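Hi there,

Here is the structure I promised to pass on to you. Have a look at it first, and then read on for what turned up.

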Amino acid sequence: MIVCAYTLDRWDDIVRAVQSLRDQERHPDQIILVTDHNPELQQRAAARFADLEVIPNNEGPGLSGARNTGIAAAREDVVAFLDDDAAAAPDWAATLLSGYRDPRVIGVGGWIEPDWEAGRPGWFPAEFDWVVGCAYTGLPEAPVPIRNMIGANMSLRREVFGAIGGFSQDLGRTGALPLGCEETELCIRAGRHYRDGVILYLPEAVVRHHVGARRGTWRYFLDRCLREGLSKAAVSRMAGPSAALASERAYLCRTIPRALGRTLLPGAGRYPLANLPALLLGVALTALGYLGGRTRQLFLPTPDSAPATGGPAPAVRPGRTALGLLPPLAAALGLWAWSIRHVDVSDLGGFGLPARLPWSYWASVALLLLGFVGAMRRRGRHPLWPAAYTVALLVVQRATSALVYHTLLYAWTWKHIDIIDRLLANGGHVELGDQLGAMAPYDQWVGFFAGNAALIRLLGLNTALSYAAWAPLVSSLVLVVPLYLIFRCFSRDQRLVWTAVWIFFLGNWVGQDYFSPQAFALFLYLGVLAVVLRQFAREGRPGLLAVLDAGYPLGARPRRPLDRRRRTLWTLLLVPVITAIAAAHQLTPVMLAVGLAALCLTRRYRNLWLAALACAIPAAWDLSSALAFFKLQLPQMAQSFGDLLANSEAGGGTTPTGLGPVTISYLDRGLSAGVALLAVAGLLRHPPLRRAGLPLLLLGISPMPMAVANNYGGEMIFRVYLFALPGLAFFAAAALQPGPATRRTVSWGRRTATAPLQRPRTALLNVAVLALLAGAFFPSYYGKDRVNYFPTGEIQLVDRLYTIAPPGSQIIAATPNFPDAYRNYDEYTLWWLSDDDQASNRALLADPAGYLTGQRQTGWIHQQDPKAYSYVILTRAQYADVAMDGLLPPGSVQRIQASLAASPRFRVVLRNADGIVYQVLPPDPGAGATDSAGVTESTGSAP
């Protein structure tokens with residue numbers, strides 16, 4: 001029995017602790033009292049306890065050093081520890097020793113009862129008795145294996161210390177400083193070394209811990225919670241976050257919610273409402289301390305690696321700190337910020353924004369890439385560094401447009417804002433199923449727009465324009481979490497996981513990340529998959545454990561399967577998420593249902609109920625709010641079903657013309673093919689990956705048959721690639737990882753696995769491949785900005801048009817590619833010439849003025865409603881759209897404008913450097929000539 005003491009202020013407690021050991025029914029073979037660098041205490045204790053071994057601490061000051069000194073003096077098989085302010089029950093020693101009858105048991109701990117000097121404060125919750133070093137509500141009430149013991153009541157076989165070393169002196173108390181967790185770190189080390197060993201908790205082994213009046217104060221409580229978080233951060237650095245926080249996750253998920261629930265019940269008894277502030281503040285301060293400690297560790301030295309034996313990490317080499325990873329990151333962000341200060345976007349060419357970016361921008365991308373590969377290759381890196389480089393990549397990728405352009409990109413973004421504005425104007429009223437026009441998919445899948453309308457009202461804004469420009473960055477950042485969680489289900493190798501995240505974002509050129517229902521639904525889709533893969537795994541030996549045996553670091557630590565009640569709870573929690581997906585987007589719910597059905601082919605992730613719900617909820621939505629739309633579309637869907645060639649063909653807006661657009665089209669398709677080929681190479685290079693990653697492989701393949709079902713407006717091939725990209729990115733990242741011949745065996749927990757040996761050529765391969773992907777990504781993503789960017793003058797022109805055009809008027813344009821094209825779309829008739837069939841386009845170009853006045857009788861609208869007119873708007877973005885995408889024959893917009901300018905039936909009413917607006921006059925040229933809508937504004941020449 002070892003008792004450690006440091007001050008004479010606790011003399012009475014020390015005497016009581018020693019006496020309780022003398023009074024044991026099973027008398028200890030050896031009692032050691034260690035005094036911690038206090039000569040006066042040493043002399044007094046040696047005189048008083050002649051029958052004990054009283055020795056001074058010959059290591060560093062603190063509880064850990066004192067304990068290690070006592071361990072060195074111990075001669076018996078079992079070493080037990082008792083705090084100097086605790087008293088053991090008479091049967092304590094016998095109860096502890098009874099646990100060692102099983103040879104697998106390496107340690108035994110017990111219950112610690114608080115002995116409050118001034119009585120338990122009314123606000124102090126029993127769930128936080130760990131603050132005063134005692135057992136707390138939430139611990140098991142029966143003998144069970146546990147991760148670690150509490151220091152005031154713990155014992156271990158002496159051989160354990162010989163195998164793994166003693167307590168870490170980087171942790172533990174020093175004097176009265178309320179730090180701790182040295183027992184946690186030591187028990188984690190012991191568990192890693194003894195794979196079949198058990199640390200047993202026996203609640204009948206009881207000690208009473210004296211709690212002084214000072215410890216019952218708010219100041220001590222809050223200080224101890226904060227320092228506990230700091231201690232947990234230190235343990236995470238030494239033992240890894242997964243092991244260091246295993247018990248704490250259960251505590252937060254079970255014990256704290258139950259305590260909060262009890263405090264709110266009437267007649268709570270021993271759980272009064274007064275406990276609520278301590279519960280909330282205790283959790284918050286502990287979390288704050290942990291986050292602060294983890295952040296501080298970014299700049300502290302990190303060990304090279306953990307040895308295979310699971311012992312303490314080797315000493316850090318002088319000068320090697322994680323701070324070395326900061327300069328490339330800071331330099332890259334600095335270069336990026338400097339490079340986007342003055343980028344001229346007034347005259348974008350066929351290659352879009354990349355042709356206007358300075359060399360410093362590309363240097364920042366190169367620095368990020370090199371820094372990321374270096375962080376992945378460097379031993380002992382902090383786990384937050386890959387995340388920091390990933391966030392920096394997304395900032396450089398997705399925030400550039402928000403800062404370079406002074407107006408909102410993408411006609412589709414403006415369209416979505418127009419839908420939200422209509423909802424706000426109508427007081428949030430949605431007419432589901434009543435509209436069958438071009439806007440039916442938006443009126444009937446209104447979840448995204450209704451949610452934004454509510455957000456705008458909540459924030460007190462007028463429109464979504466104030467934040468829509470940042471949607472690409474935000475929607476990409478939020479994807480990092482579900483992607484990381486999904487990839488971690490199939491690999492513990494951080495290099496593989498983070499490289500897969502990078503490949504996903506470098507390969508995601510499709511551009512779904514703008515302010516759109518697709519971006520919102522994709523985040524929810526990946527979130528559902530992350531929950532399913534991490535929470536719904538069944539018992540059994542999955543393929544990923546077989547891969548561990550084969551020598552690959554694939555597969556996360558096996559999770560304990562959920563019981564039926566918790567599986568049902570998780571399923572119910574996913575129902576609102578699936579409903580939100582079904583209400584927001586047409587295609588994503590189908591992809592989710594297909595993906596969950598594919599997972600049912602695996603035993604480990606089979607969940608027929610969830611797959612059924614993923615089918616039933618969208619079907620219920622489609623058969624209610626969108627029934628009329630589906631009735632209208634059903635013949636076309638039936639006609640296209642099974643026509644793989646036609647459905648895989650790119651639709652309107654994807655037939656490029658000109659050197660720049662054609663080159664970019666080859667780059668984006670080459671980028672998609674490159675990621676797919678890398679994924680195939682990863683499967684071929686790592687054969688066990690085919691079995692370990694089977695669920696992810698199924699999720700990657702499952703969207704592909706959708707190309708047979710429908711062409712989705714010519715976008716199906718791109719959407720299939722988007723939903724297959726997470727799986728493709730993971731296997732593509734595996735192609736860049738070392739094979740089994742370049743791996744070494746290490747220990748993790750109670751299993752062994754392998755870690756890659758990062759040779760220089762492996763790092764060079766990563767740099768080369770990621771550089772190629774990045775080189776293809778930026779032109780593919782930003783190459784069409786000549787079409788997507790709207791100058792300020794164009795926005796002003798459109799705004800003025802809707803100001804002078806009375807409700808009921810007709811708006812005509814070559815293409816809908818101009819800002820605010822759908823403003824108040826329920827009040828205007830919209831006619832986009834590019835949507836007409838080829839025969840109509842030939843008639844249009846033969847005589848544009850005659851076609852527009854005769855084919856649709858635009859001039860007669862004035863006769864039906866004297867306040868309504870027809871207007872033709874031609875803008876710079878429409879010129880670019882036709883020139884780059886081939887929506888109409890080359891020169892079509894110029895021919896249309898020349899014909900309208902020569903016709904007496906068209907009059908210029910608005911004009912500036914970025915566009916021109918014509919009013920269509922009735923057959924009688926004099927009719928309506930004095931109407932106020934005929935006022936001409938000229939601020940420059942037409943484009």
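In which loop does His37 lie? His37 sits in the loop between strand S2 (32-35) and helix H2 (39-48); helices (H or I, at least four residues) and strands (E, at least two) are DSSP runs, numbered from the N terminus.

Before going further, two notes on the model. This is a predicted model, in which local features need pLDDT of at least 70 and side-chain atom pairs count only at pLDDT 80 or more, while totals for chains, interfaces and linings use all residues. Residues are numbered from 1 along each chain as its sequence is written, and side-chain values use heavy atoms, with hydrogens and water left out.

His37 has a phi near 55°, a positive value in a residue other than glycine. With a relative accessible area of 46%, His37 is partly exposed (buried means under 20% relative accessible area, exposed over 50%, partly exposed in between, with a 1.4 Å probe and protein chains only). Tyr410 is not a glycine either, and its phi is positive too, at about 75°. You will find Tyr410 in the loop between helix H14 (400-404) and helix H15 (411-425). Its relative accessibility is 15%, so Tyr410 counts as buried.

Next, have a look at strand S9 (residues 198-211). Eleven of its 14 residues are buried, so S9 is largely enclosed by the rest of the structure. Which strands pair with S9? Strand S6 (residues 105-116) pairs with S9 in the parallel sense over eleven bridges, and Gly107 has Ile199 of S9 as its bridge partner. Strand S5 (residues 86-88) runs antiparallel to S9, joined by three bridges, with Ala88 opposite Val207. Strand S7 (residues 144-145) is also antiparallel to S9, through two bridges, and there Val144 is partnered with Tyr201. Two strands pair if DSSP finds at least two bridges between them.

Finally, a pair of helices. The axes of H19 (residues 471-488) and H21 (residues 517-535) come within 9 Å and cross at roughly 20°; axes are lines fitted to C-alpha atoms, for helices over the stretch in contact, and angles run from 0 to 180 degrees between N-to-C directions. H19 and H21 are therefore roughly parallel to each other (angles under 35 degrees count as such). The contact (heavy atoms within 4.5 Å) includes Leu479 and Ile486 of H19 and Phe523 and Leu526 of H21.

Enjoy exploring!

Conventions:
Angles under 35 degrees count as roughly parallel, over 145 as roughly antiparallel, 65 to 115 as roughly perpendicular and the rest as oblique.
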